[in-house]
Amino acid sequence: MRNKRQANYSYKFRLYPTKEQEQFLKRVIGSVRFVYNYMLARAKEEYRLVGKRWNVYEYKKLLPLLKEEHPFLKEVPSQSLQEAVFNLDRAFKNFFAGRSEFPSFKKKKHGGSFYLPQGWRIERVNQKWGLLYLPKLKEPVRVRLHRDIEGEIVSINVRLTPGGSFYLTVRVYKEIQKLKPVDRICAIDVGLKHFATICYLDGNVEKVENPKYLVKTEKRLAREQRKLSRKQKGSKNYEKQRLKVAKLHEKVKNQREDFLHKLSKRIVSENQAIVLEDLNVKGLLSGDLSKHIQDSSWRKFLQYLYYKAVWYGRDLIFADRFYPSSKTCHVCGYKNQSLRLIDREWVCPVCGSKHDRDINASKNLLLYGVAHLTSGRVGTTQAKACGDGSASGTALLPVYEASIVEAGSSCRKAGSPSIN
Ligand SMILES: [Zn+2]
């Protein structure tokens, strides 16, 4: 299987249920939450009373009894309920492995979701719309099918957001065709002033800004959040405003993901190798500039870049986090030790070059990448894909493995991206 790789892939579609269907979906999600919370409460109690440890199989066996006790659970696909127990199992495993906090009870206001491996189908009606048939639901739900589903279908997930919208995620397993190799390399620096600065070998520099529509929605969100903080908690107006804020949150999230997907796709398509600075977000966060730091956005951007590079056969080169890309003059190599985080521009005292902080950093990263490509000092490990375990066949360019941890740790998520 040269040139092709199997990968987990997911499609995300918006659902448009009728009022009646909405009630049904909410009942299923509510039942899943009920089972999760019931099992969690019981596990806590049994541990407290007799020191019994969590065991997923034993708790799963309780489901039929629980259904007898609470007949409304019989109206829900049983695999969705089982998945609630498995979800709790994952939460416990993460806790015992030190990866997360002790599992907490699920709250209605956070929305929720249910999972369904089979018993459903999607039918396309026209270019825009499709219908989702679910077990135990008479009429199919309208779904906005903005693209065709390709690959071997694994399962679906229906999610209710805190803002009250429903989304369908279809998980598939499909072959991804590698892109044709291109003769181009770029370096990316994520900065405070611009979302990113992309630098090319031919000297071209591209500054990528957050899109205006996103900035606008973010400002609106901040405004509505301030309004919420002034309202009496628990009042009707508070509840109304909370919903408004939740909806705006969702909009910001969708707009941001869309922007990051498009940007990462373009960069990966256009370049054979991409050099990045290992992010030292912690260091950046210690200053007053923390408010401006879009670290979550950058992290997501890195994840997208990473899995797309793996999928499409491109290379990511991570510059060591101690590599002084901002402080070094890219023309003569002088290190400006007195450069502060707030200095946006500086003049090199040795060669007199005038530097824009971000552009200079990008050019240095590019030089770093090229140097590592030609010297071969960093070994020839390809970016590994956790999901499919298949490294790309032809190691065109070396990858700095020691610092790939940041992207690697997010690789589990990278296996199931949501493509809008
Ligand atoms: Zn210089």
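G313 counts as buried, because 22 C-beta neighbours lie inside 10 Å; the buried class requires 20 or more other C-beta atoms within 10 Å of a residue's own, exposed means 12 or fewer, partly exposed lies in between, and C-beta atoms are placed from the backbone. The model is predicted: local features need pLDDT of at least 70, side-chain atom pairs count only at pLDDT 80 or more, and totals for chains, interfaces and linings use all residues. Residues are numbered from 1 along each chain as its sequence is written.

**Overall composition**

- The protein contains 11 helices and 15 strands, where helices (H or I, at least four residues) and strands (E, at least two) are DSSP runs numbered from the N terminus.
- Of its 420 residues, 30% count as buried.
- Among contacts with a separation of 6 or more, 67% join residues 24 or more positions apart; two residues are in contact if their C-beta atoms, placed from the backbone, lie within 7 Å.

- Two packed helices are described by the angle between their axes and the distance between the axes.
- Axes here are lines fitted to C-alpha atoms, for helices over the stretch in contact, and angles run from 0 to 180 degrees between N-to-C directions.
- Angles under 35 degrees count as roughly parallel, over 145 as roughly antiparallel, 65 to 115 as roughly perpendicular and the rest as oblique.
- A crossing is left-handed if the near helix is turned anticlockwise from the far one by less than a right angle, and right-handed if clockwise.
- The axes of α1 (residues 19–50) and α4 (residues 78–96) come within 9 Å and cross at roughly 40°; the two helices are therefore oblique to each other.
- The crossing of α1 and α4 is right-handed.
- On the α1 side, the contact is made by V28, S31, V32, V35, Y36, M39 and L40, and on the α4 side by S80, L81, A84, V85, N87 and L88.
- The residues of this contact between α1 and α4 divide into 10 nonpolar, 3 polar and no charged (Ala, Val, Leu, Ile, Met, Phe, Trp, Tyr, Cys and Pro count as nonpolar, Asp, Glu, Lys and Arg as charged, and the others, Gly among them, as polar).
- The buried residues of α1 include V28, S31, V32, V35, Y36, M39 and L40, as well as Q21 and L25.
- The 32 residues of α1 should span 46 Å at 1.5 Å a residue, and the end C-alpha atoms are 46 Å apart, which agrees; the expected span is 1.5 Å times one less than the number of residues.
- Just after α1, G51 takes a positive phi of about 70°.

**Helices α5 and α6**

- The axes of α5 and α6 (residues 236–270) come within 9 Å and cross at roughly 160°, which makes α5 roughly antiparallel to α6.
- The crossing of α5 with α6 is left-handed.
- Residues of α5 in the contact include Y213, L214, T217, E218, R220 and L221, while those of α6 include V245, L248, V252, R256 and F259.
- The contact of α5 with α6 divides into 8 nonpolar, 5 polar and 8 charged residues.
- Helix α6 has 35 residues and reaches 52 Å from its first C-alpha to its last, close to the 51 Å expected at 1.5 Å a residue.
- Buried in α6 are V245, A246, R256, S264, I267 and V268.

**Helix α8 and the residue after it**

- F301 lies in α8 (residues 295–312) and is buried, with 24 other C-beta atoms within 10 Å.
- Not counting residues up to four places away in sequence, F301 touches L260 and S264.
- The C-alpha atoms of F301 and H261, 40 residues apart along the chain, are separated by 7.7 Å.
- G313 is found in the loop between α8 and β12 (315–319); its C-alpha atom is 9.5 Å from that of A273, 40 residues apart along the chain.

**Other loop residues**

- P211 has its place in the loop between β10 (205–208) and α5 (212–229) and is partly exposed, with 16 other C-beta atoms within 10 Å.
- P211 and F259 are 48 residues apart in sequence and 7.5 Å apart in space, C-alpha to C-alpha.
- K136 lies in the loop between β4 (129–133) and β5 (141–144), is exposed with 12 other C-beta atoms within 10 Å, and has a phi near 70°, a positive value in a residue other than glycine.
- P349 is placed in the loop between β13 (345–347) and β14 (354–356) and counts as exposed, with 9 C-beta neighbours inside 10 Å.
- The C-alpha atoms of P349 and K335, 14 residues apart along the chain, are separated by 9.9 Å.
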